[in-house]
Each structure stands twice: as C-alpha cells, then as structure tokens.
Amino acid sequence: MSKYLLDKFLYTVDRDPELVERYREDPAGTVSWWEAEMANKLLNCTADERTTWLAFTEEERSALRAHDHVALFGLGAHPFLTLTLFIAMFERDHGPLEYQLAYAKAMEHITLPYPDIAT
C-alpha cells in the first residue's frame, strides 16, 4: 500500500480539469490509464524521469474506481485531497454545501485514532 501514490493520484487528477471530468465519467478507465501512464512519472521533472515500481494495490484500485472517499481515508489518503477532488466532480449535482455535508456524514462513524495520513 502506498499512501503517497493515492495522494499523488488525487492531487494530479484534481489539478487537471480534463482529468477531473474523465475520472467522474470513467473512473475505472481513468484509474487504469493513470496507473499505467502517470504513476511512475516524477512530478515537476522532465518526462524521461520515471520510477518503475509504483503501483496500486487491488484494494486501492477498487476504492478509486468506486469513488469511495471513506475507503480511501481508511487506506491513508489525505482527506483534504479527496474532498477537493470530489467537490470538483460532484458538487454540481447538489445544492450549496449539500455534497460536503454528505461527505462528512459518510465519515461520521470513524472515531479516533484516525488512520495515519502521513506519507
């Protein structure tokens, strides 16, 4: 499991409006594409700079494909990254703050100590 890779996915998708829409419409395809094409790229480096070993676990892939922010939090993804990306994808389908309140309600069963979100 790589909290870094989960956070990198959430961070990079959230900062690209086309990827936000792609992830909203085709989560499974976007996760597969991103893992194959983007996971091993080093951010803010030339395109030729890559690692070779980063990959999601099946549990991480499943949570990303399902847009399951509760499972992602349990896996150690940073909640700010899931919230900002999921707001970009789903707030338009809800009234003011309605999505944020539903996001929080889905996580209200989580008690201290919270999962470690350090990378």
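Trainee: How do you know that the span of H6 agrees with 1.5 Å a residue?

Mentor: First, a caution. This is a predicted model, in which local features need pLDDT of at least 70 and side-chain atom pairs count only at pLDDT 80 or more, while totals for chains, interfaces and linings use all residues. Residues are numbered from 1 along each chain as its sequence is written, and side-chain values use heavy atoms, with hydrogens and water left out. Now H6. The expected span is 1.5 Å times one less than the number of residues. H6 has twelve residues, so it should span 16 Å; its end C-alpha atoms are 16 Å apart, and the two agree.

Trainee: What makes a run of residues a helix?

Mentor: Helices are DSSP runs of H or I with at least four residues, strands are runs of E with at least two, and both are numbered from the N terminus.

Trainee: Which residues of H6 are buried?

Mentor: Leu-81, Thr-82, Leu-85, Phe-86, Met-89 and Phe-90. Buried means under 20% relative accessible area, exposed over 50%, and partly exposed in between, with a 1.4 Å probe and protein chains only.

Trainee: Why are the buried residues of H6 said to line one face?

Mentor: Seen down the axis of H6, they fall within an arc of 130°, so they line one face of the helix. The arc is taken from the directions from the helix axis to the C-beta atoms. These residues pack against H1 (3-14), H2, H5 (69-74) and H7. Contact here means heavy atoms within 4.5 Å.

Trainee: How many aromatic pairs does the structure have?

Mentor: A search of the whole structure finds eight. Rings of Phe, Tyr and Trp (its six-membered ring) pair if their centres lie within 6.5 Å; planes under 30 degrees apart are stacked, over 60 edge-to-face, and the rest tilted.

Trainee: Why is the pair of Phe-86 and Phe-90 called edge-to-face?

Mentor: The centres are 6.0 Å apart and the planes are at 80°, so the pair is edge-to-face. Phe-86 and Phe-90 are four residues apart in H6, so about one helical turn separates them.

Trainee: What makes the pair of Phe-90 and Tyr-99 tilted?

Mentor: The planes are at 40°, with 5.9 Å centre to centre. Tyr-99 has 9% relative accessibility, so it counts as buried. Elsewhere, ring pairs link Phe-9, Tyr-23, Trp-34 and Phe-56 into a cluster.

Trainee: How do you know that Arg-92 and Glu-21 form a salt bridge?

Mentor: A salt bridge needs a side-chain nitrogen of Lys or Arg within 4 Å of a carboxyl oxygen of Asp or Glu. For Arg-92 and Glu-21, N to O is 2.7 Å. The pair links distant parts of the chain, 71 residues apart: Arg-92 is in the loop between H6 (79-90) and H7 (98-106), Glu-21 in H2 (residues 17-25). Arg-92 has 44% relative accessible area, so it is partly exposed. Glu-21, at 33%, is partly exposed.

Trainee: Which label, buried or exposed, goes to Glu-108 and Lys-105?

Mentor: Both are exposed. Their salt bridge has its closest N and O atoms 3.0 Å apart. The structure holds nine salt bridges. Among the residues involved, Glu-35, Glu-58, Arg-61 and Arg-65 are linked in a network.
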